[in-house]
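Have the structure open beside you as you read.

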Amino acid sequence: MTQTATESDRAPLSAGLRFDWRLDEVEALYDMPFNDLLFRAQSVHREHFDPNAVQVSTLLSIKTGGCPEDCGYCPQSVHHEASVPAEKLMDVDAVVEAARNARQAGASRFCMGAAWRNPRGRNFERVLEMVERVRAEGLETCVTLGMLDAGQSQQLKAAGLDYYNHNLDTSPEFYGEIISTRTYEDRLETLQHVRNAGINVCCGGIVGMGEARGDRASLLLQLACQAPHPESVPVNLLVRVEGTPLADESALDPFEFVRTIAVARILMPQSHVRLSAGRESMSDELQALCFLAGANSIFYGETLLTTPNPDAAHDRQLFERLGLKAV
Ligand code: SAM
Ligand code: DTB
Ligand code: SF4
C-alpha cells in the first residue's frame, strides 16, 4: 500500500535534524501544554546528550565599554546613559591569567568579549595572540568581537579559535526596535564568514525585551533554519540595566523563558543550549526547570561581561543538589 508522507513521518520525535521548520510549527510547540512541552524537550535531550552533564564556560570582557553600536539592551553602548566607562583592550598576560583561574575553577571553555562594532589593526592581532595562548592552557576558546570579514575569520581559525559568538538577538521583525546601527543581514553575513572558515558557531538571542511570543518563535526559526545548526545556542534573559532604554521593560513570565529553552532544544537537538545572561535573577528552581527543558550549558563565574552572575560557590552547590556534573 502506498502512503503519502505525513508531518509525523517527516518529523518523528527523535528523527534526524531538520532545517525546514515553519513558523506555525514553532508556534505550535510554544502553545503546547507546559508538561507536554517539557516532556518532549527532555525526551529529545536524552537522545542526544547525557541529561546530567552541563558544559561550563567562563566569560571575560577583554575590552569594555565605549561601543559605537546602539543595542538598546547593552550598558556598553556610548549611546546610553548607562554606558560603562570605556577601557582599552586588556594585556595578553592578564587574559591568560584569568583563563588559568577559570580552568582551575572548573570551566572547559573561555569566552572573551569585546565591545566593538568590529575588530581592527593591532587590537585584532592581540586577540589572535590571546586565542593562541588561552588554547595552549588547555581550554576551548570562544570570542565575540562584533562583525567579521572573511579574512579575519580565517585568521581566527588559524590561531586555533574553537567558537565565535555572534547573536541574532531577536526576530527579524522586532530587530529594528532594538538596534539601528547594524542590520540583521550584517549579522547573517558575519555568521556565514565564521561558518566558511570552519569555526563552530555560537549564536542565540535575548528574550524579555518586550517582544511578542511570535518574535521569540521567529528568532528560534531563524536559528533552526541555519544548516548546520549553531553548535551552541545562548538564550539570554534580558538583564535590565539602569540607564539603558530597556531598563524599565516588564519582567518576562519565567515559564515563557522555560518554554523558549524547550523549543530551542526540540528544534536543535544536537546543539548545546546555554542558559546565559539572567541567571542572577532566577531562583534555583527556575534554573532546574531550564535544565529539565534541555539547557545544558551555563556561564560560570561572578561576572558576565559587566553585570553580575551567580557566584561560583552557589553554582557548585546547585549542581550538587541536582546531581549535575560540569563538563
Ligand atoms: N560587541 C559584540 C557584539 O555585540 O557582537 C560582542 C559583545 S555583546 C555584549 C554579546 C551579546 O551579549 C549580545 O549580542 C547580546 O545578545 C548579549 N547581551 C548584551 N547585553 C545584554 C543584556 N543586558 N542582557 C542580556 N544579554 C545581553
Ligand atoms: C551571550 O549570548 N551572552 C553573553 C555572551 N554571549 C558574550 C553576554 C551577556 C552579557 C550580559 C550583560 C553584561 O554583562 O554586560
Ligand atoms: Fe556594542 Fe555588543 Fe553592546 Fe551592541 S551588544 S552595544 S555591539 S558591546
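## The largest pocket

Let's begin at the largest pocket, where 18 residues form the lining and Leu237, Leu238, Arg240, Gly278 and Ser281 lie nearest the centre. On a 1 Å grid over the protein atoms alone, a pocket is an open set of points with protein on both sides within 12 Å along at least five of seven lines, a cavity is a set where a 1.4 Å probe fits but cannot get out, and lining residues have an atom within 4 Å of a point. The space in this largest pocket comes to about 290 Å³, a volume being the space filled by probe spheres set on grid points joined across faces, edges and corners.

Its lining divides into eleven nonpolar, four polar and three charged residues. Here Ala, Val, Leu, Ile, Met, Phe, Trp, Tyr, Cys and Pro count as nonpolar, Asp, Glu, Lys and Arg as charged, and the others, Gly among them, as polar.

## About the model

This is a predicted model, in which local features need pLDDT of at least 70 and side-chain atom pairs count only at pLDDT 80 or more, while totals for chains, interfaces and linings use all residues. Residues are numbered from 1 along each chain as written, chains are lettered from A and ligands numbered from 1 in the order written, and side-chain values use heavy atoms, without hydrogens and water.

## The second largest pocket

The second largest pocket holds about 230 Å³ of space. Among its 16 lining residues, Thr58, Leu59, Gly301, Glu302 and Thr303 lie nearest the centre. Strand β1 (53–63) gives the largest share of this lining, four residues; helices (H or I, at least four residues) and strands (E, at least two) are DSSP runs, numbered from the N terminus.

The residues around ligand 3 (a heavy atom within 4 Å) include Cys67, Cys71, Cys74 and Arg182.
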